Amino acid sequence: MTEVSNKGTILVTGAAGFIGSAVAVRLTAMGHTVVGCDNFNDYYDPALKHHRVEALLKPAGVPCETVELSDGEQVAALFERVKPALVVHLAAQAGVRYSLKNPAAYVQANLVAFGHMLEACRNHKVEHLLYASSSSVYGANAKTPFSEDDVTDAPVSLYAATKKSNELMAHSYSHLYGIPTTGLRFFTVYGPWGRPDMAYFSFARKMLANEAIPVFAEGKLYRDFTYIDDIVEGVVRLLFKPTKPEGKPPHAIFNIGNQTPVQVLDFIRTLEGALDVKATLDFQPMQPGDVPATHADTSKLQAWVGYKPTTSLEAGLREFARWYNRAIRENVSYLK
């Protein structure tokens, strides 16, 4: 049962991105009118973003405007044009390690831009703002699995700090203006059309090129790898069912993860099987900003929308390998 209208336009920011493109296509397939936007920056090869637009968004009939969300005037003009009823805000500067190199990018994309989005949602009386947070907000939390009720005030990277800040900013707007907002803590998303900066993507490229892959902390880190289709399912279910707690602001946080942490060495072995190639490992120390493990408790998600991710790592990596090998055959530039 939906808690918001099924009518009206849905705005998806970061629509040329990995998760954004998949969400936009799914919402369109459900019969909704979707408008996307992206700034097409060069954090990774923009050719991949443009390829997602051509191969995924255009066939689904999803327009994707070029908009810089850190520019308040552009955001205001976007909302005037689109007049969205619902907003899925997935645009952000991602990556833990890159936040050590270019912190200014995170301030602009994750803080300034998010502030503009909140103001636009307030001014246009958006029915529900669903936005991307991250499992990184849990920091080096020793308690597992990670619960939404855990204390998250000790981030170990600027990226995590900006995502925690988004949660606090959204809560304040829900409190002040009654805007329903929902933050989603994604756990290590992977799959076809993924980001080249993610480990599984760079591992595949190096493995197929017979190059050694860097393995940090002797491969003993654990990650709760979550397949893209499972992420999308959680997003669309939550989008139409914002929380309305009695006597509290209409703001909520949900984990979306596979609930099955995998040691990085085991992940590499599974990827070897999917690609039918043997990896050469280059063991390196643990990197600043990394955490020993991530592990999602998704009981809150399941209780609210009756869903939990179910795709196995083996099945998910097989699908990624099929897509990756097809991209190789197409000789796309972003794999070179």
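The expected span of a helix is 1.5 Å times one less than its number of residues. Helices (H or I, at least four residues) and strands (E, at least two) are DSSP runs, numbered from the N terminus. Welcome to this predicted model, in which local features need pLDDT of at least 70, side-chain atom pairs count only at pLDDT 80 or more, and totals for chains, interfaces and linings use all residues. Residues are numbered from 1 along each chain as its sequence is written, and side-chain values use heavy atoms, with hydrogens and water left out.

**Helix α11**

- Helix α11 covers residues 313–329, and its 17 residues should span 24 Å at 1.5 Å a residue; the end C-alpha atoms are 24 Å apart, which agrees.
- Its buried residues (under 20% relative accessible area, 1.4 Å probe, protein chains only) include Leu313, Phe320, Trp323 and Tyr324.
- After α11 comes Asn331, with a positive phi near 60°.

**Helix α1**

- Helix α1 has twelve residues and reaches 17 Å from its first C-alpha to its last, close to the 16 Å expected at 1.5 Å a residue.
- Among the buried residues of α1 are Phe18, Ile19, Val23 and Leu27.
- Just after α1, Gly31 has a positive phi of about 100°.

**How α1 meets α8**

- The axes of α1 (residues 18–29) and α8 (residues 228–239) come within 10 Å and cross at roughly 60°, where axes are lines fitted to C-alpha atoms over the stretch in contact and angles run from 0 to 180 degrees between N-to-C directions.
- That makes α1 oblique to α8; angles under 35 degrees count as roughly parallel, over 145 as roughly antiparallel, 65 to 115 as roughly perpendicular and the rest as oblique.
- The contact (heavy atoms within 4.5 Å) involves Phe18, Ile19, Ala22, Val23, Arg26 and Leu27 of α1, and residues of α8 including Ile228, Glu233 and Leu239.

**A look at Glu211**

- Glu211 sits in the loop between α7 and β8 (212–216).
- Leaving aside neighbours within four places in sequence, Glu211 is in contact with Lys206 and Thr280.
- Glu211 and Ala279 are 68 residues apart in sequence and 8.0 Å apart in space, C-alpha to C-alpha.

Conventions. Buried < 20%, exposed > 50% of the residue type's maximum accessible area, 1.4 Å probe, protein only.
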